[in-house]
Amino acid sequence: MRAVWISETTKLDWDTATAALQHAGFNTMYVNFASGGAALYPRSAVLPSVVSRDDIARGIQLAHQRGIAVHAKIIAAFMFKVPPSFQQQLTAVNRVERGPDGKPVLQSGQAWLCPSQKANRDFITGAIREILARYSVDGIQLDYIRFCEQPSCFCPHCRREFEQVLGKPVRHWPADVMNGAFTSRFIEWKQQVINDWMRQCSEEVRKARPGLPVSAAVFPELARAREEKAQDWKLWLDRGWIDYVCTMTYTTGLPEFEARVRTQQATIPRQKLVVGIGSWKLKQSGDIASQVAIVRRHGAAGFAMFSYDDFVARRFLPNLAAGR
Ligand SMILES: [Zn+2]
């Protein structure tokens with residue numbers, strides 16, 4: 001798999017992009033379709049649509065004619081491109097992640113959906129259902145299917161749910177779950193929440209389009225992903241909820257990159273490993289080629305570069321046919 005991520009779906013010129021990617025030797029596009037509160041396609045019945053024109057169906061057709069698969073990427077918890085008014089609305093009814101001070105957790109000014117709330121998880125499963133009914137995509141990829149890496153979520157709903165599982169009230173909230181008697185229980189509970197969400201998303205895809213690949217973009221170091229983000233991606237693979245992972249191995253140093261690929265390969269079967277390359281961090285096209293060569297040497301299923309938008313801004317695309 002020779003893939004590239006595309007962030008700015010609403011600004012994408014599908015004709016130019018698919019022609020250029022075909023020419024450069026790419027065969028897969030991971031395109032943002034929805035986030036925790038926004039549909040990047042028109043007329044969604046599930047989420048506010050941030051676009052009115054539908055270029056996607058025709059775009060997928062063009063991609064297919066050019067031998068490129070299109071996977072719909074869904075940014076599960078992060079409110080990417082979510083209209084401020086909708087964020088405020090969800091914040092007012094306590095549906096966003098909250099930090100230890102009770103304030104909404106923000107990244108680049110955007111809030112996060114609280115993953116423990118069913119109504120929030122339903123946004124994403126609903127979007128998956130809608131996308132699969134409407135577009136002939138070749139796969140579904142979940143991204144940001146996790147808690148925010150900042151200490152979270154300490155919203156009233158999370159407290160209630162956790163106390164129910166614990167079977168007693170937490171006297172000092174959030175101190176007892178941050179650095180106290182219930183810290184590890186809280187981490188376990190958060191993992192359970194995300195695992196359930198991942199399973200629900202997977203079931204949605206399997207039901208609608210059996211055999212369609214499901215993947216997840218994940219933090220590459222498994223122990224830290226589990227501990228800091230409640231993202232237990234190895235379990236998701238073991239349970240068959242996802243078919244492969246894209247490990248966001250965004251490092252510039254070649255020895256470090258290779259060491260990480262080696263660790264990932266020792267953790268999961270190599271045919272289930274697509275290595276994410278942080279091409280936007282790499283100044284020279286030679287550096288990109290070197291990382292691609294490492295992925296190929298280690299026999300992973302493929303690689304995915306972040307991002308097409310960056311390549312457009314820099315006016316170049318690495319030629320993948322070279323050295324293959
Ligand atoms: Zn919460």
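Q: Why is F182 called buried in this predicted model?
A: F182 has 21 other C-beta atoms within 10 Å. The cut-off for a buried residue is 20 or more, and F182 therefore counts as buried.

Q: Where does F182 lie, and with which residues is F182 in contact beyond its neighbours within four places in sequence?
A: F182 lies in the loop between α6 (175-178) and α7. Its contacts, with those neighbours left aside, are L166, V170, D176 and V177. The C-alpha atom of F182 is separated by 37 Å from that of R129, and the two residues are 53 places apart along the chain.

Q: What makes α4 and α7 roughly parallel to each other?
A: The axes of α4 (residues 118-134) and α7 (residues 183-208) cross at roughly 20° and come within 10 Å. Angles under 35 degrees count as roughly parallel, so α4 and α7 are described in that way. The crossing of α4 past α7 is right-handed.

Q: Which residues make the contact of α4 with α7, and how do they divide by class?
A: On α4 the contact is made by R121, I124, T125, I128, R129 and L132. On α7 it is made by W197, Q200, C201, E204, V205 and A208. The residues of this contact divide into three charged, two polar and seven nonpolar.

Q: What makes α1 roughly parallel to α2?
A: The axes of helix α1 (residues 14-24) and helix α2 (residues 56-65) come within 9 Å, crossing at roughly 20°. Since the limit for roughly parallel is an angle under 35 degrees, α1 is therefore roughly parallel to α2. The handedness of the α1 and α2 crossing is right-handed.

Q: Which residues make the contact of α1 with α2, and what are their classes?
A: W14, D15 and T18 of α1 meet R58, G59, L62 and A63 of α2. The contact of α1 with α2 has two charged, two polar and three nonpolar residues.

Q: Why does K272 count as partly exposed?
A: K272 has 18 C-beta neighbours inside 10 Å. A buried residue needs 20 or more, and an exposed one has 12 or fewer; K272 falls in between and therefore counts as partly exposed.

Q: Where is K272 placed, and what does K272 contact beyond its neighbours within four places in sequence?
A: K272 is in the loop between α10 (254-267) and β8 (273-277). With those neighbours left aside, K272 is in contact with L237, D243, Y244, V245 and A301.

Q: Why is G278 called partly exposed?
A: For G278 the count is 18 other C-beta atoms within 10 Å.

Q: In which loop is G278 found, and with which residues is G278 in contact?
A: The loop is the one between β8 and α11 (285-297). Leaving aside neighbours within four places in sequence, G278 is in contact with Y250, T251 and F306. G278 and I6, 272 residues apart in sequence, are 13 Å apart in space, C-alpha to C-alpha.

Q: Which residues of the largest nonpolar core touch the most other members?
A: Of the 102 residues in this core, they are V4, M29, I74, V245, V274 and A304. The element that gives the most to this core is α7, with seven residues.

Q: What does I74 touch, not counting residues up to four places away in sequence?
A: I74 touches F33, A34, I124, A127, I128, I140, L142 and D143.

Note on methods:
Residues numbered from 1 in each chain as written. Predicted model: local features only at pLDDT ≥ 70, side-chain atom pairs only at ≥ 80, totals over all residues. Axes fitted to C-alpha atoms, helices over the stretch in contact; angles between N-to-C directions. Helix = DSSP H or I, 4+ residues; strand = E, 2+ residues; numbered from the N terminus. Parallel < 35°, antiparallel > 145°, perpendicular 65-115°, else oblique. Left-handed = near helix turned anticlockwise from the far one by under 90°. Contact = placed C-beta atoms within 7 Å. Nonpolar A, V, L, I, M, F, W, Y, C, P; charged D, E, K, R; others polar. Core = buried A, V, L, I, M, F, W, Y, C linked by C-beta atoms within 7 Å.
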